[in-house]
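Subject: Structure handover

Hello,

Here is the structure I promised to pass on. Please open it first, then read my notes below.

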Amino acid sequence: MKLDRVVLRHLQMEMKSPFATSFGTFKTKEFILVEAIDEDGVSGWGEATAFDAPWYNEETVKTNWHMLEDFLIPLSLKEKIQHPNELNERFAFIRKNNMAKAAIEGAVWDLYAKKQQQPLSKLIGGKKKEIEVGISIGIQKNVDELLSLIDGYVAEGYRRMKVKIKPGWDVDVIAAIRNKFPDIQLMADANSAYTLADIDLLKQLDPFNLTMIEQPLASDDIIDHATLQKHVKTPICLDESIHSVEDTRKAIQLGSCGIINIKIGRVGGITESIKIHDLCKEHGIPVWCGGMLEAGVGRAHNIAITTLDQFILPGDTAASSRYWERDIIDPEVTMKDGIITVPDAPGIGYKVNRQVVDQYTTYSKTYR
Ligand code: OSB
Ligand code: MG
């Protein structure tokens, strides 16, 4: 492949309902869509997962744009790309900025799969034709509202409920959910809202048979999580703390977690995600695919990666309609009985609807 040009588009999409975490509330999703076009005129699509503010990690929409414009796009245009894996090496001298790297790498993976006339899932070695999915539910005004939301999502068929927790919205909330739904697969995500001083509180979650507790401690920690895991029975899952296969190796060695959440953006792309997947498989660590409230392009990449066999637990990849009035792809992502059917068209398998993309685009720029 030789890229002819790369188009960056800045999109703004209103969420159907606000999504609240321990670090903030999302109402409008702002993000960059990357289109990589090769000499033959074939397009590949990638979606950057950074938010408008650096509260999940250090990246933002603006830092993504800067990294893409000033470093990653020039590096991608410069020389032929035989295989998308090469970008992982080509970008390696640039520290972090994983979401920016993943966005263009993802576009090149889609482009490559289209040129190979293969679905991206199959090309990366995924065998599943269907994936099991759960849903992530933000912090609500009160417990009754949360319970009625869960009721609805259970009825829709979602296989696992994940609820956000934070100090003051934790043990009692989980107890109320368990009381009303004794058998659902349930987990909690703290987004780093606790410290080791909260060991006794986190221990109180043990009786509720949670599949896991996600990222209870600091976003850059793997040491305290290892200490915590010795004190709590509930498996700890790391999200924010894992940026690479090296982090994964260290976390496994320390015993910092029993489960890992893989987000393609957070770890710098599909190539790195596969490395993490393979290492976890070797060590018997289950993985699942996290979400960043993605629009259709990012969602399609998540579906493809989830077809790898160590993605044992249902992920956060819910249907388009859970987030958007109108997603940017055709068909939109749909879920039935907790299952998303993996598309078998080449590349990401969904068609980007340019008309809809244009409606959400606030500005764009082409690089040659
Ligand atoms: O920690 O997984 C997270 C949303 C925004 C930022 C961080 C997280 C989340 C979610 C939602 O849990 C996942 C999704 O539905 O895309
Ligand atoms: Mg999380």
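**Arginine 299 and its surroundings**

Leaving out residues up to four places away in sequence, arginine 299 touches Leu293, Glu294, Asp316, Thr317, Ala318, Ser320, Tyr323 and Val333. Contact here means heavy atoms within 4.5 Å. Arginine 299 sits in helix 11 (residues 296-306). Helices (H or I, at least four residues) and strands (E, at least two) are DSSP runs, numbered from the N terminus. Arginine 299 counts as buried because its relative accessibility is 1%. Buried means under 20% relative accessible area, exposed means over 50%, and partly exposed is in between (1.4 Å probe, protein chains only). The C-alpha atom of arginine 299 is 37 Å from that of aspartate 200, and the two are 99 residues apart along the chain.

Before going on, a word on the source. This is a predicted model, where local features need pLDDT of at least 70, side-chain atom pairs count only at pLDDT 80 or more, and totals for chains, interfaces and linings use all residues. Residues are numbered from 1 along each chain as its sequence is written, chains are lettered from A and ligands numbered from 1 in the order in which they are written, and side-chain values use heavy atoms, with hydrogens and water left out.

**Threonine 317**

Threonine 317 is in the loop between helix 11 and strand 12. At 2% relative accessibility, threonine 317 counts as buried. Its contacts, again without residues up to four places away in sequence, are Val133, Gly134, Cys289, Arg299, Asn302, Ile303 and Ile340.

**The magnesium ion**

Which residues are the protein donors of the magnesium ion (ligand 2)? They are Asp189 (OD), Glu214 (OE) and Asp239 (OD), lying 2.1 to 2.3 Å from the ion. Donors are N, O and S atoms within 2.8 Å of the metal (3.2 Å for Na, K and Ca); water is not among the atoms, so the site may look incomplete. Along the chain, the donors follow the spacing D-x24-E-x24-D. Glutamate 214 and aspartate 239 link distant parts of the chain, 25 residues apart. Glutamate 214 is in strand 8 (residues 213-214). Aspartate 239 is in the loop between strand 9 (236-238) and helix 9 (245-254). Both glutamate 214 and aspartate 239 are buried.

**Helices 9 and 10**

Two packed helices are described by the angle between their axes and the distance between the axes. Helix 9 and helix 10 pack at an angle of about 20 degrees, with axes 9 Å apart. That makes helix 9 roughly parallel to helix 10. Axes are lines fitted to C-alpha atoms, for helices over the stretch in contact, and angles run from 0 to 180 degrees between N-to-C directions. Angles under 35 degrees count as roughly parallel, over 145 as roughly antiparallel, 65 to 115 as roughly perpendicular and the rest as oblique.

Where do the two helices meet? Val245, Thr248, Arg249 and Ile252 in helix 9 meet Glu272, Lys275, Ile276, Leu279 and Cys280 in helix 10. Residues buried in helix 10 include Glu272, Ile276, Leu279 and Cys280.

Helix 10 (residues 270-282) has 13 residues. It reaches 18 Å from its first C-alpha to its last, close to the 18 Å expected at 1.5 Å a residue. The expected span is 1.5 Å times one less than the number of residues. After helix 10 comes glycine 284, with a positive phi near 70 degrees.

Helix 3 (residues 98-115) has 18 residues, which should span 26 Å at 1.5 Å a residue; its end C-alpha atoms are 25 Å apart, which agrees. Helix 3 is mostly covered, with 16 of its 18 residues buried.

Most residues other than glycine have a negative phi, and most peptide bonds are trans. Glutamine 117 is not a glycine, yet its phi is positive, about 55 degrees. Glutamine 117 lies in the loop between helix 3 and helix 4 (120-123). Is glutamine 117 buried or exposed? At 61% relative accessibility, it counts as exposed.

Glutamine 215 also has a positive phi, near 40 degrees. It lies in the loop between strand 8 and helix 8 (223-231). At 0% relative accessibility, glutamine 215 counts as buried.

The peptide bond from aspartate 330 to proline 331 is cis, with omega near -10 degrees. Proline 331 is in the loop between strand 12 (329-330) and strand 13 (339-341).

Best wishes
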